[in-house]
Amino acid sequence: MNLEQIYYANELANHQTIQEAADLLHITKSGLSQSISQLEAEVGVRLFDRSRHGTRLTKEGQALLPIMKRMLSTNIDLMNYSQTLRQNGRVETVRLGYTNTMLKPMLDEYLNLYESLGDEINLSIRQYPLDVLIEKVRRHELEAGFIPLNRATRPLIKDLTFTMIAESKLNLIVSPANPLVDKGTLTVHDLRHQRFALFNDVANEQIFRHLQFFCGPLKVIIHLDNAWSMYATITKLNAVCLGRTFQTHHSPYSPLADLPEIELGDLIDNHFEFGWLTNPNDELSATTVELIDHINDHLN
């Protein structure tokens with residue numbers, strides 16, 4: 001079986017007779033008929049009904065036609081990408097993902113690495129919610145993702161590989177003007193009177209639901225994705241935020257790390273691990289491994 005036979009079958013499916021398809025393909029009628037017969041013999045089913053009235057797909061042919069179209073499309077994509085590489089030289093794209101506020105160390109090390117590799121590397125990096133990032137690694141759309149994990153979210157990565165880089169706690173981040181700063185241990189009563197600003201994060205949302213189980217309904221005033229907007233909300237509206245210390249200390253907006261943090265360990269399991277999520281079916285390129293090693297050195 002070869003792509004030429006599949007291409008011929010795809011074209012024949014678009015025409016009423018073998019002669020019409022053969023004329024379009026600039027081959028003989030007998031040559032096209034022989035090619036289709038060879039393909040049918042190899043796949044083990046009859047793809048076309050032939051009669052003096054023309055040709056039409058069999059039931060099996062109708063089922064296989066979408067697959068043949070995808071095979072042709074994949075080949076076209078491969079050829080186009082190969083042509084791009086020939087035109088532009090060897091340019092490797094490293095595709096990474098991260099959860100909120102962790103961009104700075106990754107961008108810093110990419111910029112450092114770019115100085116030595118020049119135009120041979122292209123970084124594609126985006127922020128995703130944790131559950132979306134995990135699925136993108138699973139579907140091979142990202143080579144690696146830097147994520148936080150706790151006991152509740154670990155089952156989400158059961159078929160993937162997690163390499164821990166650091167441990168951290170999830171604390172309550174507050175404004176310096178918040179009366180909670182001068183308290184000792186937090187109580188359920190303390191949290192009932194707070195206004196929460198939450199990062200868009202499935203792990204944080206699980207913990208927040210757990211807090212509400214003990215405290216009753218808690219007031220949420222906003223959901224956010226970046227460090228600057230979270231800092232502004234906390235300081236201007238005297239809101240509180242569930243934040244992981246490791247993330248805030250590597251935030252691209254450094255003032256967030258200067259805000260007071262209050263331990264939540266007496267109310268919840270606030271332990272997290274940070275690290276790289278990869279797909280065991282993917283082999284990371286040498287450039288990707290080098291960039292990740294640089295990022296790890298930065299984080300440690």
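How many helices and strands does the chain have? The chain has 11 helices and 11 strands, where helices (H or I, at least four residues) and strands (E, at least two) are DSSP runs numbered from the N terminus. The radius of gyration of the chain is 28 Å, well over the 19 Å that the globule rule gives for 300 residues, so the chain is more spread out than a compact globule. Here the radius is taken over C-alpha atoms, and the globule rule is 2.2 Å times the number of residues to the power 0.38.

The model is predicted: local features need pLDDT of at least 70 and side-chain atom pairs count only at pLDDT 80 or more, whereas totals for chains, interfaces and linings use all residues. Residues are numbered from 1 along each chain as its sequence is written, and side-chain values use heavy atoms, with hydrogens and water left out.

Along the principal axes, the C-alpha atoms fill a box of roughly 90 × 50 × 30 Å. Of the 300 residues, 43% count as buried, a term that means under 20% relative accessible area, with exposed set at over 50% and partly exposed in between (1.4 Å probe, protein chains only). The accessible surface of the chain comes to about 16000 Å², and 51% of this surface belongs to carbon and sulfur atoms; the areas come from the Shrake-Rupley method with a 1.4 Å probe, and for residues only the protein chains shown count as cover. Among contacts with a separation of 6 or more, 74% are accounted for by residues 24 or more positions apart, a contact being heavy atoms within 4.5 Å.

Leaving aside residues up to four places away in sequence, Pro148 touches Thr99, Leu130, Thr153, Asp201, Arg244, Phe272, Glu273 and Phe274. Pro148 and Met164 are 16 residues apart in sequence, and their C-alpha atoms are 9.2 Å apart in space.

His140, in the loop between α6 (130-138) and β5, has a phi near 65 degrees, a positive value in a residue other than glycine. His140 is partly exposed, with a relative accessible area of 37%. Asn238 is found in the loop between α9 (227-237) and β9 (240-244). Its phi is positive too, at about 55 degrees, although Asn238 is not a glycine, and its relative accessible area of 28% makes this residue partly exposed.

Elsewhere in the chain, strands β1 (residues 48-51) and β2 (residues 54-57) run antiparallel and are joined by four bridges. They form a hairpin with two residues between them, and Leu57 in β2 is the bridge partner of Phe48.

Methods: Pairing = 2+ DSSP bridges.
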